[in-house]
Amino acid sequence: MTDQIPLFVEDYYEALSATVAALGGFKRVGAELRPELPADHAGRWLADCCNHVRDHELKPQQLGLLRKKARVAGVHVLAAFEMREAGYAEPVPLRREDQQARIKESIDATVTRLDALVSEFKRWKDMP
């Protein structure tokens with residue numbers, strides 16, 4: 001039997017737990033978020049962070065890393081929950097190729113502008 005990633009979750013903690021489960025479980029993900037702790041301890045800490053009764057929370061950097069790892073793995077339950085709760089549309093993961101093309105276009109435009117500025121600078125530099 002394989003674990004299914006839920007399309008909808010009831011609350012933030014369920015979204016976190018589903019994301020962690022899809023990424024390999026509390027021990028594995030906890031060890032990645034808290035490498036300074038033994039894996040068992042990190043796993044228990046992360047399980048506590050995913051339990052609304054416990055007083056543990058992820059730091060913003062840890063939550064950001066969890067979101068990035070989930071995006072790479074194709075697990076969008078946490079991002080989708082957060083967007084719905086905040087009144088945004090469902091998240092749409094960006095394709096690497098699209099991002100690379102956008103960045104290349106930006107670099108090309110910047111180089112063109114820089115070339116124009118260098119030419120202008122040289123004209124003014126040589127003026128009496």
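Residues are numbered from 1 along each chain as its sequence is written, and side-chain values rest on heavy atoms, with hydrogens and water left out. As the model is predicted, local features need pLDDT of at least 70 and side-chain atom pairs count only at pLDDT 80 or more, while totals for chains, interfaces and linings use all residues.

Helix H1 spans residues 12-22; helices here are DSSP runs (H or I, at least four residues), numbered from the N terminus. At its N-terminal end sits a cap from Asp-11, with a side-chain oxygen 3.2 Å from the backbone nitrogen of Tyr-13. Within H1, Ala-15, Leu-16, Ala-18, Thr-19 and Val-20 are buried, where buried means under 20% relative accessible area, exposed over 50% and partly exposed in between (1.4 Å probe, protein chains only). The buried residues of H1 pack against H2 (26-33), H3, H4 and H5. After H1 comes Gly-24, with a positive phi near 125 degrees.

Asp-48 belongs to H3, which covers residues 39-49. With a relative accessible area of 18%, Asp-48 falls in the buried class. Its side chain makes a polar contact with the side chain of Arg-54 at 3.3 Å. A polar contact is a pair of N or O atoms within 3.5 Å; within protein, one must be able to donate a hydrogen and the other to accept it, and residues adjacent in sequence count only if both atoms are side-chain atoms. Leaving aside residues up to four places away in sequence, Asp-48 touches Arg-54 and His-56, contact being heavy atoms within 4.5 Å.

Next, the pocket. A pocket is an open set of points on a 1 Å grid over the protein atoms alone, where a 1.4 Å probe fits, with protein on both sides within 12 Å along at least five of seven lines; lining residues have an atom within 4 Å of a point. H4 (60-73) and H5 (77-86) each supply at least two residues of the lining, and H5 gives the most, with 4 residues. Among the lining residues are Arg-67, His-76, Glu-82, Met-83 and Pro-93. By class, the lining holds 7 nonpolar, 1 polar and 3 charged residues.

What about charged pairs? Side chains of opposite charge can pair when their charged atoms come close. The whole structure has 10 salt bridges, each a side-chain nitrogen of Lys or Arg within 4 Å of a carboxyl oxygen of Asp or Glu. Arg-84 pairs with Glu-90, their closest N and O atoms being 2.9 Å apart; Arg-84 is partly exposed at 27%, as is Glu-90 at 44%. Another bridge joins Asp-98 and Arg-95 (3.3 Å, N to O), with Asp-98 at 42% relative accessible area and Arg-95 at 49%.

Helix H6 (residues 96-125) holds both Asp-108 and Lys-104, 4 residues apart, about one turn of the helix. Their side chains meet in a salt bridge (2.9 Å, N to O). Elsewhere, salt bridges that share partners link Arg-28, Glu-32 and Lys-69 into one network. H6 also contains Ser-106, partly exposed at 41%.

Conventions: Ala, Val, Leu, Ile, Met, Phe, Trp, Tyr, Cys and Pro count as nonpolar, Asp, Glu, Lys and Arg as charged, and the others, Gly among them, as polar.
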